[in-house]
Structures are given as C-alpha cells and as structure tokens.
Amino acid sequence: GVGALVMTFGMYDFNNMTMIRSLLRDDSDLVFFDVGANIGTYTLVAAETGAQVISFEPHPTTFKDLEQNVALNERSNVVLNNSAVADHDGFVTFTNYHEHALNRIDPAGGLEVPCLQLAAVFEQVQPEKAIVKVDVEGAELLVMKGLQGYYDRCSVLIIERGGWFAEDHEFCGDNQFAGPFYFHAEKSAFFTEARRRAEDEVYIHVDYLPELERLGYEVRYAH
C-alpha cells in the first residue's frame, strides 16, 4: 500500500509530507528532525528542500536501508543516527520483527540498541526553529520527556498517536502548544478536523502561530 502511494503521488502521507516540504521551503530557519525514520521516506521528502535533516533509526537492518536510500538520492544535508530516542542516554531493549515498521522499544525485545535524549542533539545543533516528527510505535512520550528544555525550539510537532499529548500531559496544558491539527494540503491550512484518511496529528508552538499566518497558512480553531 505504501509503495503504491509513493509510486502514484511521490508521498504516502500526502498532507503531512506536503506540509513538511512546504514549510521547509518557506522558512529556511527550520531544521527537520525525523525520530523513527524507518527507511527514510520522510527524511528524503524533507531533504529534497535543501533543509538540514537529522534522522534517527535504531534497528540496525532498517538503518542500513535508510543509509542506502539517502546515498542513492545523494542527499548530503542529512545526518543519520543509528540510535533510539528516549528519556535517557544509554541503551534500550528493542524488538526484532521481520516487519521492520513494527519494531519498537520493548523490555521483552531481544535486541539492545543505543538511545539518547533529543535535548542533547538540540544542545549540539542549536536549531533556532524545528519541525520534529515522532513515529516510534508507542514510545512518543519518552521522546518528548527527553526534549524538555527545548520545547520552545519545536515550532511544529508531528506525533503518531498524539492524543496523549493533548489530554494527559503538560505539553499543551501549559499553553506551549496548540492542537491537535490536521493539515489540508489543497488549502494550505491547519484544521481541527481530520481528513477521511487521518494522518498523524500536528501541534504548533504558540510562538510560531503568527509566523505561519505571515507565511500564508491558515490555522482554523474549533468553535
């Protein structure tokens, strides 16, 4: 299914990938962080814009495919990290399924992989503004905990299973982020209503909302 969508449209998450490509072209200060890069579809969409891209994929076999895809596309603006992202530096136990898209952090997994906190990478890279895409099969909260101190640099977050983010934790409650939103590519707009095929939820840092409007994007809140 993913292969067919890529062959037809060039992107399988058409709205969110269009959003990433559009924002990175419109705002040259943005850096793209791909947490849970898998074989690199999001990484390559972002890299095509010329923006700085930093990607993380912990599974060693999947990481080799990611490396090969970046090399085949001759993208020198991508930094690849063969590590998980969590709430501590060290190691985590990871699954080792044949279907690589399903692998995740799991205490019962049979594979030990290195992990790091995203805050340490932000400290090193010092992005002024960032788009952070998090797709880590249920470990999203660990990723966000490891980013504390740098939420103000996260202009846009794209989070798989993002409902926990708005309802159960402090990230939206302290008014740092607005959302969840769903990007509608044909309107260049962020709506609170999902498309028929819902893609991952989008959260926007409140300080970045005026910049989005200045760049010509609509942000429509629920009434």
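Before we start, one handy rule: two strands count as paired if DSSP finds at least two bridges between them. Keep in mind, too, that this is a predicted model.

With that rule, you can trace an open sheet of nine strands in the order S3-S2-S1-S7-S8-S11-S9-S10-S12, and the pairing is mixed. At the edges sit S3 (78-81) and S12 (218-219), each pairing on one side only. In general, strands of a sheet pair through backbone hydrogen bonds, either parallel or antiparallel. Strands S1 (residues 30-35) and S2 (residues 53-56) run parallel and are joined by four bridges. Look for valine 35, whose bridge partner in S2 is phenylalanine 56.

| Core | Size | Some members |
|---|---|---|
| Largest core | 35 residues | Met19, Leu23, Phe190, Ile204 |
| Second, separate core | 26 residues | Ile54, Leu118, Phe122, Ala139 |

In the largest core, the four residues listed are those with the most contacts inside it. Elements that each supply at least two residues of this core include helix H2 (14-26), helix H4 (60-72) and strand S9 (177-184). What does isoleucine 204 touch, leaving aside neighbours within four places in sequence? Its contacts include Ser155, Phe181, Phe190, Leu212 and Val219.

Finally, find threonine 62 in helix H4. Is threonine 62 buried or exposed? It counts as buried because its relative accessibility is 0%, and the cut-off for buried is under 20%. Not counting residues up to four places away in sequence, threonine 62 touches Asn38, Ile39, Glu57 and His100.

Key: Residues are numbered from 1 along each chain as its sequence is written. This is a predicted model: local features need pLDDT of at least 70, side-chain atom pairs count only at pLDDT 80 or more; totals for chains, interfaces and linings use all residues. Side-chain values use heavy atoms; hydrogens and water are left out. A nonpolar core is a set of buried Ala, Val, Leu, Ile, Met, Phe, Trp, Tyr and Cys residues joined through side-chain atoms within 4.5 Å. Buried means under 20% relative accessible area, exposed over 50%, partly exposed in between (1.4 Å probe, protein chains only). Contact means heavy atoms within 4.5 Å.
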